[in-house]
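Please have the sequence and the model open while reading.

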Amino acid sequence: MKCKICNQFFLMETSFQTLFHFEDICSLCENVYSPILQVEVIPFQGGLIHYYYLYVDLTIDFSKELYLMKYLVKPLNVAISHKNDFDIILFLDLDDYQNLPNWFTYFSSYKNIMFYSLGIFDLSKYVRIF
Ligand SMILES: [Zn+2]
């Protein structure tokens with residue numbers, strides 16, 4: 001098999017259990033890119049932003065990042081299980097993060113906001129708009 005992240009070939013033992021299930025990534029990448037759901041709670045104007053992310057240091061190209069987006073099911077499960085706790089749930093990508101000062105004023109009237117992203121974005125950069 002060829003790993004979808006590092007593009008290296010790797011061997012996988014085939015058995016009846018794995019006969020129709022092939023691994024997409026090698027064991028090394030599986031260890032390095034194992035997602036860990038983390039949360040930061042940021043107070044703003046009488047409300048709270050719950051910011052969920054999976055990776056602290058994610059420096060891979062976008063095509064490989066797309067593969068890792070399958071792990072976004074973790075924060076989505078949090079969003080679904082706590083759907084009554086959040087007023088609004090937003091996915092943050094790089095464009096959203098860079099333009100946060102432009103669009104956040106539209107959402108500042110909400111009191112419980114959930115942001116989620118694949119890699120962490122430094123929201124302390126925008127502390128003056130919160
Ligand atoms: Zn790999």
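Ile129 lies in the segment after strand E4 (112–119); helices (H or I, at least four residues) and strands (E, at least two) are DSSP runs, numbered from the N terminus. The model is predicted: local features need pLDDT of at least 70 and side-chain atom pairs count only at pLDDT 80 or more, while totals for chains, interfaces and linings use all residues. Residues are numbered from 1 along each chain as its sequence is written.

**Ile129**

- Ile129 counts as partly exposed because it has 14 C-beta neighbours inside 10 Å. The scale calls a residue buried if 20 or more other C-beta atoms lie within 10 Å of its own, exposed if 12 or fewer, and partly exposed in between, with C-beta atoms placed from the backbone.
- Leaving out residues up to four places away in sequence, Ile129 touches Pro101 and Phe104. A contact requires C-beta atoms, placed from the backbone, within 7 Å.
- Between Ile129 and Gln45 there are 9.4 Å from C-alpha to C-alpha, although the two are 84 residues apart in sequence.

**Positive phi angles**

- Gln45 sits in the loop between strand E1 (38–44) and strand E2 (47–55). Its phi is near 30 degrees, a positive value in a residue other than glycine.
- Gln45 is exposed because 9 other C-beta atoms lie within 10 Å.
- Asn7 is another residue other than glycine with a positive phi, near 60 degrees. Asn7 is placed in the segment before helix H1 (27–32).
- Asn7 is exposed, since it has 10 other C-beta atoms within 10 Å.

**Strand pairing**

- Two strands count as paired if DSSP finds at least two bridges between them.
- E1 and E2 are antiparallel, with seven bridges. They make a hairpin with two residues between them, and Gln45 is in the turn.
- E2 and E4 run parallel and are also joined by seven bridges.
- Strand E3 (residues 88–91) is parallel to E4, with four bridges between them.
- Tyr51 of E2 is the bridge partner of Glu40, and Tyr51 has Phe115 as its partner in E4.
- Phe115 in E4 is the bridge partner of Leu90 as well.
- His50 is bridged to Met114 in E4.

**Buried strands and the core**

- Seven of the nine residues of E2 are buried, and so are six of the eight in E4.
- The largest nonpolar core has twelve residues, among them Ile49, Tyr51, Leu68, Ile113, Phe115 and Leu118. Such a core is a set of buried Ala, Val, Leu, Ile, Met, Phe, Trp, Tyr and Cys residues joined through C-beta atoms within 7 Å.
- E2 and E4 each supply at least two residues of this core. E2 gives the most, with six residues.
- In soluble globular proteins, nonpolar side chains tend to be buried together.
- Which residues does Tyr51 contact, leaving aside its neighbours within four places in sequence? They are Val39, Glu40, Ile42, Phe115 and Leu123.

**Whole chain**

- The protein chain has five helices and four strands. From the N terminus, their order is α-β-β-α-α-β-α-α-β.
- The radius of gyration is 18 Å, whereas a compact globule of 130 residues would have one near 14 Å. The radius is taken over C-alpha atoms, and the globule rule is 2.2 Å times the number of residues to the power 0.38.
- The C-alpha trace spans about 55 × 30 × 20 Å along its principal axes.
- Of the 130 residues, 15% count as buried.
- Among contacts with a separation of 6 or more, 61% are between residues 24 or more positions apart.

**Domains**

- The chain is divided into domain 1 (1–34) and domain 2 (35–126), with bounds that come from an automatic or database domain assignment.
- The domain centres, taken over C-alpha atoms, are separated by 29 Å.
- Four residues of domain 1 and five residues of domain 2 take part in the contact.
- On the side of domain 1 that touches domain 2 there are two nonpolar, one polar and one charged residues. Here Ala, Val, Leu, Ile, Met, Phe, Trp, Tyr, Cys and Pro count as nonpolar, Asp, Glu, Lys and Arg as charged, and the others, Gly among them, as polar.

Note on methods. Two residues are in contact if their C-beta atoms, placed from the backbone, lie within 7 Å.
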